[in-house]
Amino acid sequence: MSFNDFGAAIAWGDPEHQPGDIVKDAIRKERILKEIAAAQGDLQALIARVHSVQSDVDKLTSENSTLQMYIDNLTMQMAKRK
């Protein structure tokens, strides 16, 4: 058993990078960062849309409650007249 290469980087699982590998890695990382930034922008737009739709739903729910109260009052008045 030889310990001559004990401190070598390859023995510890760190492969030697070729100069082209570093450039490819940098380009890949830059592309991934751009994709993440774009996805975050899309997510922010979707969140804004969800808030807008939720506001519309809340408004319509309130209007429906008001209309239901009006219908109930009319129904009671019509029942009293008979």
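Select Glu30 to begin: this residue is partly exposed, with a relative accessible area of 46%. Partly exposed is the class between buried (under 20% relative accessible area) and exposed (over 50%), with a 1.4 Å probe and protein chains only. The model is predicted, so local features need pLDDT of at least 70 and side-chain atom pairs count only at pLDDT 80 or more, while totals for chains, interfaces and linings use all residues. Residues are numbered from 1 along each chain as its sequence is written, and side-chain values use heavy atoms, with hydrogens and water left out.

**Glu30 and Lys34**

The side chains of Glu30 and Lys34 meet in a salt bridge, 3.5 Å from N to O. The term salt bridge stands for a side-chain nitrogen of Lys or Arg within 4 Å of a carboxyl oxygen of Asp or Glu. Both residues belong to helix H1, where they are four residues apart, about one turn of the helix. Lys34 has 56% relative accessibility and counts as exposed.

**Arg31 and Glu35**

Next, select Arg31 and Glu35. Their closest N and O atoms are 3.7 Å apart, and the two residues form a salt bridge. Arg31 is partly exposed at 43% relative accessibility; Glu35 is partly exposed at 46%.

**Asp25 and Arg28**

Now go to Asp25 and Arg28. A salt bridge joins them, with 3.9 Å between the closest N and O atoms. They sit three residues apart in helix H1, about one turn of the helix. Asp25 is partly exposed, with 26% relative accessibility, and Arg28 is also partly exposed, with 37%.

How many salt bridges does a search of the whole structure find? The search finds three.

**The helix and the whole chain**

Select residues 19–81 to show helix H1. The protein has one helix and zero strands. Helices (H or I, at least four residues) and strands (E, at least two) are DSSP runs, numbered from the N terminus.

Finally, select the whole protein and turn on its surface. What share of the 82 residues counts as buried? The share is 0%. The protein exposes about 7,900 Å², and carbon and sulfur atoms supply 61% of that area. Accessible areas come from the Shrake-Rupley method with a 1.4 Å probe; for residues, only the protein chains shown count as cover.
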